[in-house]
Every structure is written in C-alpha cells, then in structure tokens.
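Here's a quick briefing to read alongside the model. Have the sequence and the 3D view open as you go.

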Amino acid sequence: YVSAGFALVLVLNEIYNTPLSTQPITLKTSYIVLDDKDDVSRRVIIIGEYDVPARQSQYLLTLPLSKKGNTIIYGAAGSGKEDTLTTIVYSLMTTYVAQEVNLYMIDCGSESLNNFRKSPIVGDVMLSSDEEKVNNLFKKLLQELDDRKKMFMDYNADYYLYCKNSGNTVPNIVVIINNFEAFQELFAIQIDNLTQLTRDGEKYGIIFITTLTSNSSMRLKLS
C-alpha cells in the first residue's frame, strides 16, 4: 500500500537519466533566485528546467515545498535518483535559510547526502547505522507535529494561514529518506510514525521526500 500522504510522484527513466514526461526534460542545477520565496504558500524546490519543443519554450521544473509537497522519486538502479536528491538539497541550500527551511536526511543508500551535513539549513544527516539518531528524529517530528497542531488551532489548523495571519513564521521541515526499501527494513519500528507524519504533517509544514526502485516497494497502509 502506498501512503496517501505522498501526493506527488516523480518517475526517472533508467535509460536517459531524466524524469519521464510527454516532453523532454533536462535536469540541471538552477541558480535562479525566487523573488516570492517569502510567501510560504509559494515555496518550491527548483530541480531544473524542461523543454516544450512545440512552444519553443523552457520552464522551471519544480517540486512544491507547500501544498502537495510529499514526494516519491521512483527509478531503477542507476536512473539518477540520488542525483535528483542532490539537486533538491542544493536548490534548498541556495534558495532558503534556516529560518525558512529545516532539512533532515536519512541516507540508507550511498551516503552521499552526508556531504551536506555542514549546511546551515541541515539539522542532521543520519546513515543506516544511526538507529538511535533516527529514532530521536521521529520523536522530535511527532512532538513538533503536536506543537504545531496547538499553535495553528486558531488558524484553521493550516501552516500557511498561520504564517500569513499570525505575525509569526515557523520553518518548513523537509525530511529526505534515500532508499526507502532499506529504510523500512532497518527502521521498521518507525513505519507507523512515518504513516502518521506523511498523512498529517503536510498541512503543518512538514514534508517528506523519498526514493524507491519500484512502485510496489512502499508498503504503508493507512487506517
């Protein structure tokens, strides 16, 4: 079962190392600065550009960091999943500051995400052997979810309404899980917590991005 909390799916082509689409898409690092990034309802992650030959145009390829932000990246081995994650992390690092985005990463793959550990927006990078740190992260996220539920109570339990109307802001929390197949074997005890967080966390500004090798690899069932 795939968690209904994951609303966006990005499929990578194992041959061409680019996302599948009805039009060619070229992934590359973008250095564009978003003029409206202070509007929390319009925060996005820039991961490249895509071409529309029929219109002779190029457009930004983005992932929403707000509504429908939870994302699954599918792709066979060698298809570019970790390259896509690296681009996502780099985009976050060059676009936002710690007051806007807090990033946590669980790398059960090549551990290349560990290279971003020292970034100001990165709270922590956890590897396959960091059981205690992963468990503590989920405790922290669940507590943060409870705190935000109370904090946003007078704002229709909505992250964006709270940031817009309360006069206060809290950062988006982005959690990246690289290699979900390995994660659910190593940290099976956290699957129920992950289900709750992906289901409930999005409207409170808590977003998950994870990679999979096939569409049958994620076995999350919602009650």
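Predicted model: local features only at pLDDT ≥ 70, side-chain atom pairs only at ≥ 80, totals over all residues.

Val52 belongs to strand β3, residues 44-52, and it counts as buried because its relative accessibility is 12%, where buried means under 20%.

**The overall layout**

- The protein has five helices and nine strands.
- Reading from the N terminus, the order is β-β-β-β-β-α-β-β-α-α-β-α-α-β.
- Of the 223 residues in the protein, 50% are buried.
- Take the contacts between residues at least 6 apart in sequence: 68% of them join residues at least 24 apart.

**Helix α2**

- Helix α2 covers residues 131-151, and its 21 residues should span 30 Å at 1.5 Å a residue; the end C-alpha atoms are 30 Å apart, so the two values agree.
- Which residues of α2 are buried? They are Val134, Asn135, Leu137, Phe138, Leu141, Leu142, Leu145 and Arg148.
- As background, an α-helix has 3.6 residues a turn, so residues three or four places apart point the same way.
- Turn to the face away from the buried side of α2 and you'll find the exposed residues Glu132, Lys139 and Lys150.

**Where α2 meets α5**

- A pair of packed helices is described by the angle between the axes and the distance between them.
- For α2 and helix α5 (residues 191-200), the angle is about 35° and the axes are 11 Å apart.
- Is the crossing of α2 and α5 left-handed or right-handed? It's left-handed.
- On the α2 side, the contact is made by Phe138, Leu141, Leu142, Leu145 and Lys149, while α5 brings Asn193, Leu194, Gln196, Leu197 and Asp200.
- Sorted by type, the residues of this contact between α2 and α5 come to six nonpolar, two polar and two charged.

**The buried residues of α5**

- In α5, the buried residues are Ile191, Leu194, Thr195, Leu197, Thr198 and Asp200.
- What covers the buried residues of α5? The cover includes α2, β8 (172-178), α4 (180-186) and β9 (206-212).

**Helix α1**

- Helix α1 runs over residues 81-95, and the same kind of length check works here: 15 residues at 1.5 Å a residue should span 21 Å, and the end C-alpha atoms are 21 Å apart, which agrees.
- The buried residues of α1 are Lys81, Thr84, Leu85, Thr87, Ile88, Val89, Ser91, Leu92 and Thr95.

- For context, most residues other than glycine have a negative phi.
- Gln56 isn't a glycine, yet it has a positive phi of about 50°.
- You'll find Gln56 in the loop between β3 and β4 (57-64); it is exposed, with a relative accessible area of 75%.
- Asn156, also not a glycine, has a positive phi near 60°.
- Asn156 lies in the loop between α2 and α3 (159-165).
- Why does Asn156 count as exposed? Its relative accessibility is 61%, and exposed means over 50%.

Key. Residues numbered from 1 in each chain as written. Heavy atoms only, no water. Helix = DSSP H or I, 4+ residues; strand = E, 2+ residues; numbered from the N terminus. Expected span 1.5 Å × (residues − 1). Buried < 20%, exposed > 50% of the residue type's maximum accessible area, 1.4 Å probe, protein only. Axes fitted to C-alpha atoms, helices over the stretch in contact; angles between N-to-C directions. Left-handed = near helix turned anticlockwise from the far one by under 90°. Contact = heavy atoms within 4.5 Å. Nonpolar A, V, L, I, M, F, W, Y, C, P; charged D, E, K, R; others polar.
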